[in-house]
Each structure stands twice: as structure tokens, then as C-alpha cells.
Protein chains: 2
Amino acid sequence: MPSLSCEPLRHGAPEERARQATPGRRLDGSVIRHLDFFKELDDSALDDIAGAARPERIPRGEALFRQGEPPHALFIVLSGRFKAIQVTPEGRQVVVRLAGPGDLIGHVSVFAEKPYPATPTAATESIALMWSPRTFIALMARHPPLSLAVVRNMGRFIEEAHTRLRESSTERVERRIAHAVLRLAQQAGHRVDGGVEISFPMTRQDLALMTGATLHTVSRVLSAWEQQGVVGGGRQHLVLRDPQALARIAEEC
Amino acid sequence: MPSLSCEPLRHGAPEERARQATPGRRLDGSVIRHLDFFKELDDSALDDIAGAARPERIPRGEALFRQGEPPHALFIVLSGRFKAIQVTPEGRQVVVRLAGPGDLIGHVSVFAEKPYPATPTAATESIALMWSPRTFIALMARHPPLSLAVVRNMGRFIEEAHTRLRESSTERVERRIAHAVLRLAQQAGHRVDGGVEISFPMTRQDLALMTGATLHTVSRVLSAWEQQGVVGGGRQHLVLRDPQALARIAEEC
DNA sequence: ACGTTTCTTTGCGCCAGATCAAAGACGCGC
DNA sequence: GCGCGTCTTTGATCTGGCGCAAAGAAACGT
């Protein structure tokens, strides 16, 4: 993974960002070979796919695109984290999804030919590859295993949406929060001494938007768990200290 | 669309059903040509695809497969309706999806190589085509436009899941029910004098499972709407009389 | 016709969790 | 160090809709 400079660049136009990230030459397969997503593809396919991509560096807090825009591109995350926030007509927000390395972003809209349904914001400084819809569809036609990878990825994606849908309509808040935290730990946690730490900034507010609860309720629940030694951490920072206990909260009747 | 005999066959094994439905010869593209799903494919591709399929007739109330089974096949609905019900570990149910003509069923599990996440039950007598995973994946490799069609279909599917997810975590019950009814009318409604009728049996219970409400609440809400002349219909039967009014309930603040 | 089953309606009490309100904590820029 | 903005905690109150209970009403089988 290329290590890039870290000047505080903010709100740069996509072109500007892209220029920052690319030293002008075509990418080769090496940047994507390690991703699970591409594991079925051979080297020449990887070169072809990566060569057609444009890399983008996205500073923390900046959006990859905005909800409602026509889909001009689709992305795959190389490093970093995004949270996709959907805003309702009434102005309420929901975190519909988190994306990390190897995850596609914007594909749904590109294939459905509908406006982007949410705004993916970088939770940490991130790098993503970008393709135009035409280019990517041509790549899929050229490399059937790529189609299959996309389909598999979307499949997992649908499963997660259905799981959350089921949870949100059958489970109480505490359980939903427990599931959300467990999912986070699994998808984006790294072991530290005394637990698993969520490796990117996560506010109570975010957790609320992910579970359909209010900020206040999330805070109360986490405070209670903290007292019981189940979780720890402070401001924008969460450590799962006792996964067993949390799993019990999530599953038990 | 082939018209089949209507003997009261119940709980027959898949093989038995299949034999009933196929008079022994390979299908050709004509059975699927009219479906939107296949509109990008040419005649030879359609023949190839349909030829590899096995048709199944599913009587009302019978399941195509059961939640938890390993995915042995994927289906596309030719006629009829299915409701996919997911049962939670605690025994609660959720209707995660409705499927009608042109919709894929079981694809998510087949591609993700995970057990079926729900049980699709025929809401009316239905006909579906069936492929084994290997066969279908081979077809996708042979016909890139088929991959694209699958991906598009999954895209729409994800959008709907996200919409419902957003609704269920930000909206009150009445609104959610309103949205669900509007979606039903759009997906499976036909005009009759004085409104739009949902063209398959839909109990209050189903509506409750679709919206994450209780049977009781749904009943109350529908009763109120009936008094206002917004909807009508009786047992397992729903007519949307005033779509405007319902849209107002769904959107207005 | 009759009982059985499935589906629907309606009433009442209660509680999880939203809403309203306000005061701490932590981090950052100046 | 100080002020300001963001994030978090905690309390008090209110209410939507769930849980429980029970009684109709339409379809179905015998």
C-alpha cells in the first residue's frame, strides 16, 4: 500500500485529490492483489482492472460523493473506513453501512442507474480506487470472475441488510446496540491488551444512527456496560473488554 | 405462459413437482423472453439459459426451500408471488421480502455460499424456474449480460432493503405501514374501479411482519384508514382507495 | 348445519425508550 | 491558559404502541 503524504488538505475537488494520489503512471495489479475481493482473479486480470482505475485519497471527514447525485463512478476501498449516511426527507439520518478495505462503494447505484442513496464519509484518512460505470461494466464483461466477485460481495451486503432489518424490527434497543458493537468489533476491531478496540472514531451518535436509537439511549446503555466492565474507552473511542458478556446480552432471552 | 392443471397437490417432493410441471422436453427462450430481467439478452442466450432450467409448480402455501438449508438451487419467478419469511433465533418472524415475476430467489445464498436466510412461501399458486448453482454460474460466465442483469437486480434489492431499514429506524408505525401498502400497490397492484387492489392474499399479520409492528396495531391503523375511506377490502384482501391520501400520510410531517 | 380453524377487531394497562432540559468533560485553536 | 465547539452523561417527564385478553366474523371441512 503506497504511503502518502499527510498535509492537511480539505475539501479539494476530486481531480485535485486524484492528482495528489497518482504520480501519473498506471497502477498495476499489486495494489489490489491482497484484497479478498479479488482472490479469484489472475495477475493479468488484476493488472487490467487496476490499470483502468484512478486512485483517490480522501481526508478524514470528506465525502466520496453525495446522496442524490447521479452515479458517475464506483469505488473500492483500499485503506481506511467510510460510513455511509442516508438522510431522510425529514432530515433524520441513518448510517446504512460501514465500508472498509475490499468493500465496494457506489456499485448499487451504478448498476441500478439511480442516484446515490447515501453519502459515504471517510471516518479516517482513506484511499479508494475509482472507475467510471462504463469502464467497470466493460471490465466485468472481460473478466467473468470479476462479475462473480461483485455478485458475491453484493450477496454478503444484502445478508447484512436483512439481518439488521430483522434486528431492528424484532429486537429491543440494548440488544441492537450489542449486535452493532459486536459487528463493529468483528469488521473493524484489532486486539489490544484487555480487549478488542474499534479502530476508527465512533461516536455515540454514530452508534445511535446505526441502531435506530437516540444518542441518549446509547449513552445510557454504554454507561451501564462500562460499569459492568463489558466495554471501555472514552470520547469517540470504544474498546470491547468482554466479548463473551456482550454476546450474552445480544443473544440471551 | 403455460397453463397447468390445478389438482390439489400438497407438500409434494420437489422431484414430483418438477415432473408435474415438465412434460419432459427442454424449455426454450420463449418462457422467459417477456421478463424485464432478461431484456438485454439475445435469443440464443435465452434458449441456452431456459434450456438449462427446470420448471417447478408451487401450490399456494408451499415453500420453495427452507431457511437454514444449504443453497442447492436458485430460482426465478415466472408467475405468482412469494413471501420470504425469516425466523429469528427466538422464534419471531419477519417478512424480509416479496417476490413476483422476474425476481430472483435464492441467489444471495448461492453466491455467498451460505445457508438460505429465509423461507419463501408461495402466496398464490406459482411457477418458478430452477437452476443449480454450478449451472447458473456457468451461464453467467458464458453470457456477460446475464451477470449484469443479476447485478442490477441485486442492486434494486439492496436499495429496497436500505429504504426499509431507514424507515424502520426513523419512522413511526403508521407511516411505515403506509409505505408498505404503497410499495405493495406499486409492485403487485392492479387497477379496479375505485382504487388499486393488491393482487394476492395479504393478511394483517403479514403486513405486521413486513413493518415490524404487531398484528393489533396494523389492524387498528387499517380500521382507522377504512373509516376515512383511504383503504377498503376485507379478509386477506386489500384495496387502496385513495392513494393520494395514503401518500400524504406516508410523507407528511 | 355444525364445529373448527384462521383471520380480524377492539379495549385497557403498562413500559421501553423518545423527548425535553441541563450540566459536565475533553480536545483544539488562539 | 482560556474560550469555544464537540461529545457525553444524567435526570425528569411523557407517550406510542406492545402485551394481554376476549370476542366477533369469514372460510373450510365433514
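How far does a backbone N or O atom of Val173(A) lie from a phosphate oxygen of DNA strand C, and what is the distance in Å? The distance is 2.7 Å. The model is predicted, so that local features need pLDDT of at least 70 and side-chain atom pairs count only at pLDDT 80 or more, whereas totals for chains, interfaces and linings use all residues. Of the atoms of DNA strand C that come within 4 Å of the protein, 66% belong to sugar and phosphate. H8 of chain A and H8 of chain B each give two or more residues to the surface near DNA strand C, helices (H or I, at least four residues) and strands (E, at least two) being DSSP runs numbered from the N terminus. The largest share, 5 residues, comes from H8(B). By class, this surface has 3 nonpolar, 9 polar and 8 charged residues; Ala, Val, Leu, Ile, Met, Phe, Trp, Tyr, Cys and Pro count as nonpolar, Asp, Glu, Lys and Arg as charged, and the others, Gly among them, as polar.

Around DNA strand D there are 19 residues, and Ser219(A), Arg235(A), Val173(B), Thr214(B) and Thr217(B) come nearest. Sugar and phosphate make up 67% of the atoms of DNA strand D that come within 4 Å of the protein. A polar side-chain atom of Ser223(A) is 3.3 Å from a phosphate oxygen of DNA strand D. Base oxygens of DNA strand D are approached by polar side-chain atoms of Arg235(A), at 2.9 Å, and of Arg220(B), at 3.4 Å. H8(A) gives the most to the surface near DNA strand D, with 5 residues. The residues of this surface comprise 3 nonpolar, 8 polar and 8 charged.

Between the two protein chains, 41 residues of chain A are in contact (heavy atoms within 4.5 Å) with 41 residues of chain B. The chains bury about 4000 Å² between them, 68% of it on carbon and sulfur atoms; buried area is the accessible area (1.4 Å probe) that two parts lose on being put together, summed over both. The rule finds 6 salt bridges across this interface, a salt bridge being a side-chain nitrogen of Lys or Arg within 4 Å of a carboxyl oxygen of Asp or Glu. Arg175(B) forms a salt bridge with Glu90(A), with the closest N and O atoms 3.7 Å apart. H5(A) gives the most to the side of chain A that touches chain B, with 20 residues.

Gln86(A) is found in strand E3 (residues 82–87) of chain A. Its relative accessible area is 4%, and Gln86(A) is therefore buried (under 20%; exposed is over 50% and partly exposed in between, with a 1.4 Å probe and protein chains only). The side chain of Gln86(A) reaches the backbone oxygen of Pro117(A) at 3.0 Å. Residues touched by Gln86(A), not counting those up to four places away in sequence, include His162(B) and Arg166(B).

Technical notes
Residues are numbered from 1 along each chain as its sequence is written. Chains are lettered from A and ligands numbered from 1 in the order in which they are written. Side-chain values use heavy atoms; hydrogens and water are left out. A residue is near a molecule or strand if one of its heavy atoms lies within 4 Å of it. A polar contact is a pair of N or O atoms within 3.5 Å; within protein, one must be able to donate a hydrogen and the other to accept it, and residues adjacent in sequence count only if both atoms are side-chain atoms.
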